[in-house]
Amino acid sequence: MTGFELPVALFLLCNLIVALLAAARGPTVADRMLTALLFGSTGTGVLVLLAYGGAGQMLVDVALLLALLAAIGGIAFARRAWQRGRDD
Amino acid sequence: MSLEFAFDLLLVLTMVWSAWRSLSATRLDRAIVMFIVFGLLMALAWARLSAPDIGLAEAAIGAGLTGALLLDAYGALQRREI
Amino acid sequence: MTAGLLFASVGVILFALGVAGVLLLEHLLRRILAFNIMGSGTFLVLVGLAQRNGIADPVPQAMVLTGIVVAVAATALALALARRLYVLTGKLELSQDDEA
Amino acid sequence: MKRLLVVLGAVCLIVLLLGAMHDLAPASVELHAAVAANLTASGVEHPVTAVLLNFRGYDTLLEIAVLLLALIVILAIGREEASNAEATVDVRLLVSPVLQTLAKLATPLMIMVAFYLLWAGSFRPGGAFQAGAVLAAAAVLLHLAELLPSWQSPGARLRLGLAGGFLIFLAVGAGSLMQGALLEYPLEQAGALILLIESGLTISLGLILAGLFLLLSRDDGETS
Amino acid sequence: MMVWLILLPLLWASLAFMLGPSRGVWPAIAGLVAQLWLAFALAAEIVGSGAAMHAVGGWGAPLGIDLVADGLSAAMLLLTQCIALPLAVYAHAYFKRDDPARNYFWPLVGFLLAGLNALFLSADLFNIYVTLELLGLAAVGLVAAGGGAQQIAAALRYLFATLVGSGAYLLGVALIYGTYGTVSTVTLVSLIGADAPDLVWIAGGLMVLGLMLKTALFPFHFWLPPAHGGAPAPVSALLSAVVVKASFYLILRLWVGPFSSLTVVASLVVWFPALLGTLAVFWGSYQAIRAERLKMLIAYSTVAQLGYLFLIFPLLASAGALQAGIMQVFAHGLAKAAMFAAAGTLIKATGQEMVAGLAGVAERLPVTLFAFGLAGITLMGLPPSAGFLAKWQLIELALSQQQWVIAFVVLVGGLLAAVYVFSVLRQAFLLAPADSVVTPVSRTLEWTAFVLAAASVLLGLRGVELMQLVGVT
């Protein structure tokens, strides 16, 4: 509980938002999916920071789960919604 | 105007923005990806509302199942350009 | 303006967005997305409003867990119907005209 | 015209609600205090699990029925005709070994996390539903990596697995009805009964939620 | 005792599911017989010793969930079981061996009835939401089961309508919980006073509007005709007779329960449902008269008859209004179940969906047409049917409170009903064209429709007990 958690969490959130805005203009939909994956990993970071920033150890479990399952969205996108060589 | 409130405000604005993008996206696959982003933001929102149980459920269902269900449905409808 | 009230207010906005989406959008998958956003909005209001004074209340949280399960069931059902309609008719729009 | 009407309605709903929500007096009934007071008698330490399984266990019973019902409707919709697409060669991208090894590595991890969540449910956040969701996510991952086939129509044993958790919950409810009220666990066995129900639910919820995905992906002829 | 009315259908539904795709009829019928007996026993107990209460989990409101069986819910339970058993026998004979609609039909019916019974007994707003979802998804499943493109499209339209309705209802519940901290209807009755904050008014409005959407009241009725018209006969009978009434029951329960102090204050509000009901009566009857397909005609008749139910709201101040409303619910429920069953038999025998195609049916299927006629008598409100008793009470009440408009609407509605019922009967008594062939139909189909129609008429003679039951609080 060093008092730095929340500012860093805020910084990470701004980081995410910038990535989201950049992806909004991204050429292919794959860029947007990368943003979703970024949300998964950075989100885990934000959750851990929130946990140690005062919300309690329970959020670490949420972060664990998010880290574990974030990849599934990306895999589902690659296996189902992405046709190789289709430029959109 | 504490730091906590700034974090919440930013999170909330991003949630509304991603929800709006998800409904108004021109192409369907962008809408689904934006919806997955919205699901992940909801997990953060539940963490801020000191509701870790719902955060767990939202993360498990949003990232694990609903996103995959929607993308699978989108893949199955791939024959028609929507 | 506590955190609970802020999220409850956003919940209302998301609910309105979702309902408008379900009523106005034509494409079935988009309407399913709109339904999920509506559900998430309602759940935010349920927990946010109950915790507007900052005290965590387990009862609305348990209700939201039940609500999420019901929302997943309804979403999977809607997807199955939409895919079935596509396999049978090749169409994915449900005409919004309210034939009387 | 309808678009305008709906948008107008939505906007005025937002304005009305935001206005009315702000200057609200504190609630007259404080249920979180009542939950805290009765927590020791509920058989678990974590308040949300206590509410979910004990105080409002009847809601959870009906909620599981809703989920099982959704799966049954999906079975009832999709007719088991022979896959209408002729036996097409699966032209989908060949599965990269990287994905298959990831799936093989991640699945045991997910199963472990699922049972951790089940066990943790009684004293910290977790529980049958989150555990079942993680099991379902593992099944989704395996299916995406082509290691798990999609279901056509469940056989007798699988149907038992699907409805088993719900039946255990029903049996415990009906059993407790004999002595007192529905779902009224006797004090000293409350914790054990809740764990029994939660374990049964984890297995069944995992199967049902996985079934929602695996049954849906059987429909198209995979000829895309 | 009342709890078994919920556990039994859940039990035989999951048993039927485990037995396999098209099996499970015997546990279902056995369960339904037991439920019918339980419903009668509960009604007798309620009349004897007043409303019964069951605190689930032993905690009691507001922490736990309460089940309350008063006169109104006992009457609705009785109606549900009285319609479910004959329709189950009818459905068993109706579906052919290989009909895909038989696919998991019994588990869906089981969960539908469990949802209905749980809804009628629950005294907890959030629990009512879960029962509404259980009921809604089961109904959508029954409409879509094994169906073609029309049925799937109708089921989707029905699904989105019911999900938006439940969503609005749930938001109302969320606002009520936010304001008062409890969702138990018994506690809320004492908490919600005339000075309630305007958030409660909005919540009440949302809940009633959501339930009106699920009741298919006039402006929100678009999903009902395709769903009830397209579904197989036993399904549309069950849906039209009972499922649609569940959300009307909830509006009534909220109107005289938690929100009673609000509706008393705002006297103008009571005219909103009455106006929509009037429009429903005229619009539904007009569409029914215009309909060509037999089942669409009956589906629009449901839209019209639902209008009557909402006419009682301005009269709720006086004692008899609730009894008149429930009598109309009973009359329409039994008559509509009989009519859809008879229509199903007619269509199955003649192979003709159109009203015009029913020529000469009179002498070939006399019992079925007689059932259709009896059901028509109840819909028209001719003596001695229950429909007549309901309309008579409604008119008597309206006149005693100088509500001439309501009395007029009830009378005109009866005439309009006569038009579309006789349009079918007239067609049936014509001489059959030479080439028309009628495939033989099993006797049970004809006699179950007849039993339901006869019940709707005989109930007119035994209305007193029902009135007494409804009065118990």
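User: Before we start, what makes two residues count as in contact here?

Analyst: Contact means heavy atoms within 4.5 Å. Keep in mind that this is a predicted model.

User: What covers the buried residues of H20(E)?

Analyst: The cover includes helices H2 (25–49), H3 (71–94), H14 (321–350), H17 (386–400) and H19 (443–461) of chain E. The buried residues themselves are Gly463(E), Leu466(E), Met467(E), Leu469(E) and Val470(E).

User: Why say that the buried residues of H20(E) line one face of the helix?

Analyst: Looking down the axis of H20(E), they fall within an arc of 160°, so they line one face.

User: Why is the pair of Phe95(E) and Phe105(E) called edge-to-face?

Analyst: Their planes stand at 65°, and edge-to-face needs over 60. The ring centres are 5.0 Å apart, and pairing asks for centres within 6.5 Å. So the pair is edge-to-face. Phe95(E) sits in the loop between H3 and H4, while Phe105(E) is in helix H4 of chain E.

User: What makes Phe248(E) count as buried?

Analyst: Buried means under 20% relative accessible area. Phe248(E) comes in at 1%, so it counts as buried. Phe313(E) is also at 1% and therefore buried.

User: How do you know that Lys348(E) sits over the ring of Tyr94(E)?

Analyst: The charged end of Lys348(E) is 4.8 Å from the ring centre, and the distance cut-off is within 6 Å. Tyr94(E) also belongs to a cluster linked by ring pairs, with Tyr90(E), Phe95(E), Phe105(E) and Trp106(E).

How values were computed
Residues numbered from 1 in each chain as written. Chains lettered and ligands numbered in written order. Predicted model: local features only at pLDDT ≥ 70, side-chain atom pairs only at ≥ 80, totals over all residues. Heavy atoms only, no water. Buried < 20%, exposed > 50% of the residue type's maximum accessible area, 1.4 Å probe, protein only. Helix = DSSP H or I, 4+ residues; strand = E, 2+ residues; numbered from the N terminus. Arc of directions from axis to C-beta. Phe/Tyr/Trp six-rings, centres within 6.5 Å; stacked < 30°, edge-to-face > 60°. Lys NZ or Arg CZ within 6 Å of the ring centre and 35° of its normal.
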